[in-house]
There are 2 protein chains.
Amino acid sequence: MNITVHHLEFSRSTRALFLLEELGVDYEIVRHKRNKGGRAIDDDLRKVHPLGRAPMVVVDGKPLVESAAILEWFVEDSGIEGASRLGPPSRELKQDYRFFLHYGEGSVMPVLIIRLLMERVKTAPLPFFIKPIARRVADGVQDQYSNGEIARHFDFLDDWLSTREWLLGDTFTAADIHIMYPVAAAKKLHVEDRPHVRAWWDRLAARPAFKRAIEKGGPLTPPR
Amino acid sequence: MNITVHHLEFSRSTRALFLLEELGVDYEIVRHKRNKGGRAIDDDLRKVHPLGRAPMVVVDGKPLVESAAILEWFVEDSGIEGASRLGPPSRELKQDYRFFLHYGEGSVMPVLIIRLLMERVKTAPLPFFIKPIARRVADGVQDQYSNGEIARHFDFLDDWLSTREWLLGDTFTAADIHIMYPVAAAKKLHVEDRPHVRAWWDRLAARPAFKRAIEKGGPLTPPR
């Protein structure tokens, strides 16, 4: 099996690296940079798939896109030995597994993105007479649409993890790999005061496969 | 099987209604309203699940959340007769099916939400000396983060649907039910000039199950 990961720096594609390191299979990395505005420089990516997005993993010439769908393919359909151990540990936990694979990008990331964009508005180089108003607008959007939601997601995760070692209990799964990214994107702000999320993060970051993924792909988020 | 749909007006929960109408099973609807700011009034919902979100479908006392995970459960695990016909029509199409079930909320909705929030900023009741600056900020965010992305998603969908009756080919599936919502949320703006998306929408809206879902749940988006 010929596996190529299109890896965008500081991005969701670290999920694919983490997964492949857990599986212990060989793969190649094609590296993509972000531009100054934080966007992917995606012309190269578009040659491989019209959406031009990372992560993209090409397996024997076939591009796979959407990070959760990539994880699902490897776990369920790749035929790689031992891959299914990263899937739901039991039939009873299958729905929780599915939930987390949708929840990460479908619910948590959108509100984190809104917050991030509004932070960029607040720190953008704007004329002095515009800056305080831009800040007021951005604060208003955050107050109304992101701050409360983000807090609620992290309260939910903290409560969930208060009785579990990993998201699905005793077994580390692709759900943990998936939720790694929103937790990293939320950074200290929402993690430090959630002891169970923090403890889960420390366990996750201690995994040899995680360390190798970061060595090969670089940090999950840009340096401040 | 006892099925209750917590249906929030003008929302993703129309997906659950559409699915259940396609399956032809009995279910109850508990209706939830949005407040003036467009947010769910979610205290009731939180009594059923800590995230307090719609759609939520309670099956024999067990709450299911995240709309794609709800669709997947009914198609794959409910045991309802004929439900699997809404799943991937073949093994070859399984990854495309998975892709669309993640793509709808993971990629298309976030940029539509950014656009929507910025539209709200532009039309918010603000003092006259603030309004033009708020508008400038909102336009800037849309230019940089949502307009181009939205256009690209709809170009991709239009191209995809140029050779297919439904998203997975000849067979209507839960992928169509899922993508219904972002296409409705984009409204005329991005649909009118994409003939293949428009034709797909017309086919979808002509389905008796869709019509019954709208009759029972009301329109997908609020009246302007």
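Helix H4 (residues 94-123) of chain A packs against helix H4 (residues 94-123) of chain B in this predicted model. Helices here are DSSP runs of H or I with at least four residues, strands are E runs of at least two, and both are numbered from the N terminus. Two packed helices are described by the angle between their axes and the distance between the axes. For H4(A) and H4(B) the angle is about 25° and the axes lie 9 Å apart. Axes are lines fitted to C-alpha atoms, for helices over the stretch in contact, and angles run from 0 to 180 degrees between N-to-C directions. The crossing of H4(A) and H4(B) is right-handed (the near helix is turned clockwise from the far one by less than a right angle). Contact means heavy atoms within 4.5 Å. Among the residues that make it are A:Leu101, A:His102 and A:Met118 of H4(A), and B:Leu101, B:His102 and B:Met118 of H4(B).

Chain B also holds an open sheet of four strands, ordered S2-S1-S3-S4, with mixed pairing. Strands pair if DSSP finds at least two bridges between them. S2 (28-32) and S4 (62-65) are the edge strands, each pairing on one side only. From one strand to the next, the twist averages 20°. S1 (residues 3-8) runs parallel to S2(B), joined by five bridges. Within that pair, B:Thr4 stands opposite B:Glu28.

| Helix of chain B | Strands of chain B | Angle |
|---|---|---|
| H1 (residues 14-23) | touches S1, S2 and S3 (56-59) | about 145° with S1(B) |
| H3 (residues 67-77) | lies across S1, S3 and S4 | about 120° to S4(B) |

Back in chain A, A:Thr173 sits in the loop between helix H5 (131-161) and helix H6 (174-191). A:Thr173 counts as buried because its relative accessibility is 0% (buried is under 20%, exposed over 50%, partly exposed in between; 1.4 Å probe, protein chains only). Leaving aside residues up to four places away in sequence, A:Thr173 touches A:Leu86, A:Gly87, A:Pro89, A:Tyr97 and A:Leu168.

Confidence comes last. Chain A has a mean pLDDT of 93, with 96% of its residues at 70 or more; pLDDT is the predictor's confidence in each residue, from 0 to 100. The model scores ipTM 0.95 and pTM 0.96.

Residues are numbered from 1 along each chain as its sequence is written, and chains are lettered from A and ligands numbered from 1 in the order in which they are written. In this predicted model local features need pLDDT of at least 70, side-chain atom pairs count only at pLDDT 80 or more, and totals for chains, interfaces and linings use all residues, while side-chain values use heavy atoms, with hydrogens and water left out.
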